[in-house]
Amino acid sequence: MSLMQSPIPWLLIIPLAGAVLTMLLPERLRSVASLLGILSQLTASVSLLLLVQHAGPVTYAMGDWQAPLGIALRADGLATLFVLMSTLVGMLCALYAQQYLTLEKLASFWPLFWFLWASLNGIWLAADSFNLYVGLELLTLSAVGLVAFAADDKSLEAAIRYLYAALLGSMGYLLGVALLYGAHGTLALDGLAAHWQVGATSQVAIALILAGLMLKTAVFPLHTWLPPAHGGALTPVSALLSALVIKASLYILLRFWIELDIYRQMPALSQLLGIFGSGAVLWGGWMALRQQQLKMVIAYSTLAQIGYMLLMFPLLTAEYPEATLMAYQGGILMLLAHALAKAGMFLAAGNLIFCTGKQELTALAGMSRYRPLNIFAFGLAGVSIMGLPPSGGFSAKWLLLQSSLISQQWWWTLVMLLGSLLSAAYIFRVFAYTYRETGEGDTFARPALSLELIALFLSASSILLGFMAMLPLDLISLPGPLREALP
């Protein structure tokens, strides 16, 4: 398939070109170039969806050099869903940043933003383990740069901590990939699946890959870098980090786990992931309940939500095919619902902090009366985070709960129920502060209406996902390596 026939290479060419152009163009033209790039990226993403729906999984050889000599990109239903997710969230966060950031900061924001988007698309579409590593490294460098973007002592310290953790995780992942290459003689995921043998070398390799990806995802108890990074970054950056960046390493882990049949051959490792996920759900929820700053509440909430996504892995080991399929569908739906809800929640929180000029929860008194649209946006996102109907978060948890009960792994049900109670507690605690009255009247700043509507749209999308859950589920059910590896 040539360059002009396939949208796949354009999903990398457009953001990379955007990164280069926004470094070279004058400051006043960078936003114009970025808006044109966003429209082009949206067009390429929709074209990919139509192509995959019509033709099924598509592989593109860069420069017409076939693997293993060349680099292959692969788009199946899951990769397409993640491309669409990053397009929607990235586009809206970029529009928010356009209004939120000063011209000077915006000029520096665009190159890092485009490199981030290019690395995400590279990860979603990569067909081999080494190019997944390349995407992870580019993602790390651009994300760390965005965390440091606030340019204060707190954000710089958080960025350095994030950098060290991410590089250590990358080292573990790369060592694991090297061992797999030595044992199986290939880097391609389909080649590894064809020649896969669970020997001592493979087990060590998977353990290294797992440890590296867990550190990059901030899985409990390797999470200490995440709250200061997400809580201390500028608002549109926090939304990108929580909604998209942490999903990349989870996506890679899922690819390895299912395509290489690890969930069947090493079930004890899947159960271990469930234990880590349970710790994340409970510890993240408890810590969110104790925070006094709004963005730190949301940052620890992200830690808890990562835990729900990890519960998918032990449920994949079920003896009943329907339970395994429900776990897969519930986990993917949880990833998507969290991306929409958490992006909306961070942007709504950024609006609230702009209104009050303070991070503390106590500063929110009177906000329900004077800035109800921002509170409404925050609340809609909270409905999905808590897993209440009819949100996308509810549909995801319902599938995971059914899988847990059908497979007779009832202890994960208890974890999910306790986690939902903790989520309700810390979200309603935020609302309790907003309903307090203040005797000073409306002294709050007013953000631009566009900022409020962007946050509301993302939060509302997480609710709408509950009504339209079959659309992403049908997409990930299309034939492909990942779907064919499941029962």
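By class, eight nonpolar, two polar and one charged residues line the largest cavity. Nonpolar here covers Ala, Val, Leu, Ile, Met, Phe, Trp, Tyr, Cys and Pro; charged covers Asp, Glu, Lys and Arg; the others, Gly among them, are polar. The model is predicted: local features need pLDDT of at least 70, side-chain atom pairs count only at pLDDT 80 or more, and totals for chains, interfaces and linings use all residues. Residues are numbered from 1 along each chain as its sequence is written, and side-chain values use heavy atoms, with hydrogens and water left out.

Stay with the cavity. A cavity is a set of points, on a 1 Å grid over the protein atoms alone, where a 1.4 Å probe fits but cannot get out; a lining residue has an atom within 4 Å of a point. The largest cavity holds about 90 Å³ of space. Volume means the space filled by probe spheres set on the points, with grid points joined across faces, edges and corners. Three cavities of 30 Å³ or more are counted. The lining of the largest one consists of Leu136, Leu139, Thr140, Tyr162, Ala166, Lys216, Trp225, Val245, Ile246, Ala248 and Ser249. Helices H5 (129–147), H6 (153–184) and H10 (235–259) each supply at least two of the lining residues. H10 gives the largest share, four residues. Helices are DSSP runs of H or I with at least four residues, numbered from the N terminus.

Now turn to the largest pocket. A pocket is an open set of points with protein on both sides within 12 Å along at least five of seven lines. The volume of the largest pocket is about 580 Å³. It has 19 lining residues, and the closest to its centre are Leu84, Leu88, Leu336, Leu465 and Met468. Five helices each bring at least two residues to the lining: H2 (27–55), H3 (77–100), H15 (321–356), H20 (449–467) and H21 (470–476). H3 gives the most, with five residues. The lining divides into 16 nonpolar, three polar and no charged residues.

Two packed helices are described by the angle between their axes and the distance between the axes. The axes of H3 and H20 come within 9 Å and cross at roughly 160°. Axes are lines fitted to C-alpha atoms, for helices over the stretch in contact, and angles run from 0 to 180 degrees between N-to-C directions. H3 and H20 are therefore roughly antiparallel, a term for angles over 145 degrees. Their crossing is left-handed, meaning that the near helix is turned anticlockwise from the far one by less than a right angle. From H3, Leu88, Val89, Leu92, Leu95, Tyr96, Gln99 and Tyr100 meet Ser450, Leu451, Ile454, Phe457 and Leu458 of H20. Contact means heavy atoms within 4.5 Å. This contact has ten nonpolar, two polar and no charged residues.

H20 has another partner, H17. The axes of H17 and H20 come within 8 Å and cross at roughly 20°. H17 and H20 are therefore roughly parallel, the word for angles under 35 degrees. H17 passes H20 in a left-handed crossing. H17 brings Leu373, Asn374, Phe376, Ala377, Leu380, Ala381, Val383 and Ser384; H20 brings Leu449, Glu452, Leu453, Ala455, Leu456, Ser459, Ala460, Ser462 and Ile463. Here the classes are twelve nonpolar, four polar and one charged.

Next come H12 (residues 267–290) and H13 (residues 294–310). They pack at about 160°, with their axes 7 Å apart. H12 and H13 are therefore roughly antiparallel. Their crossing is left-handed. The H12 residues in contact include Gly274, Gly277, Gly284 and Gly285, and those of H13 include Ser301 and Gly307. By class, this contact has 13 nonpolar, six polar and no charged residues.

The loops hold some backbone exceptions. Most residues other than glycine have a negative phi, and most peptide bonds are trans. The bond from Phe220 to Pro221 is cis, with omega near 5°. Pro221 sits in the loop between H8 (200–217) and H9 (226–232). The bond from Pro389 to Pro390 is cis too, with omega near 10°. Pro390 is in the loop between H17 (372–386) and H18 (392–406).

Asp261, not a glycine, has a phi of about 65°. Asp261 lies between H10 and H11 (262–265). Gln408, also not a glycine, has a positive phi of about 65°. Its loop runs between H18 and H19 (410–434).

How values were computed. Parallel < 35°, antiparallel > 145°, perpendicular 65-115°, else oblique.
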